[in-house]
Amino acid sequence: MKTPDIVLDTNVIIAALRSKKGASNKLLSLVGTHQFEIHDSVALILEYEDVIQRQRTELGLSQDDVADFIDSLCSMAHHHKIYFLWRPTLSDVGDELVLELAVTAGCEYIVTHNVNDFKNIGNFGIQAITPKEFLQVIREVKE
């Protein structure tokens, strides 16, 4: 089986940092194990960092923790420059950068808790699925 290529939506990152339990944290713990490959862009990394920084106190993180986390995530991801924008495709403009990255990187999946926000992506050959569904795809949890 081909190693799946994915983009992690910001809400998955936040959910993983909020709780050590659950599919988001399990998925994040598997980054770098080569069971799947994650992809990023400057825009997405900046969004991750912005959202984590705004919630840093409630997540129990220092500024150094946030910087270390972002650096670690970047070190395990494939980086892409986005040259072609597919806008407008989605109802939420904030999700467009996730879709554009997934298209550019040739990803099969966008892993998100907001699957309904990505209704119109079938034309791109990309599927929006939850962390739990993706863990089932890579056989880390039973259906």
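Let's start with a pair of side chains: those of His39 and Asp5 make a polar contact of 2.8 Å. A polar contact here is a pair of N or O atoms within 3.5 Å; within protein, one must be able to donate a hydrogen and the other to accept it, and residues adjacent in sequence count only if both atoms are side-chain atoms. The model is a predicted one, in which local features need pLDDT of at least 70 and side-chain atom pairs count only at pLDDT 80 or more, while totals for chains, interfaces and linings use all residues. Residues are numbered from 1 along each chain as its sequence is written, and side-chain values use heavy atoms, with hydrogens and water left out.

Stay with His39 for a moment. Its side chain is also joined to that of His80, by a polar contact of 2.7 Å. You will find His39 in strand 2, residues 37–41. Strands (E, at least two residues) and helices (H or I, at least four) are DSSP runs, numbered from the N terminus. His39 counts as buried because its relative accessibility is 6%; buried means under 20% relative accessible area, exposed over 50%, and partly exposed in between (1.4 Å probe, protein chains only). Leaving aside residues up to four places away in sequence, His39 touches several others, including Ile6, Val7, Leu44 and Leu101. Such a contact means heavy atoms within 4.5 Å.

Leu44 takes us on to helix 3, where Leu44, Ile45, Tyr48, Val51 and Ile52 are the buried residues. Seen down the axis of helix 3, these buried residues fall within an arc of 135 degrees, so they line one face of the helix. The arc is that of the directions from the helix axis to the C-beta atoms. Here is a handy general rule: an α-helix has 3.6 residues a turn, so residues three or four places apart point the same way. What does the buried side of helix 3 pack against? Its partners are strand 1 (5–8), helix 1 (10–18), strand 2, helix 4 (56–59), helix 5 (63–76) and helix 6 (96–105). On the face turned away from that buried side, helix 3 carries the exposed residues Val42, Leu46 and Arg54.

His34 lies in the loop between helix 2 (23–29) and strand 2, and is exposed because its relative accessible area is 57%. Arg139 lies in the segment after helix 7 (131–137), and counts as exposed because its relative accessibility is 68%.
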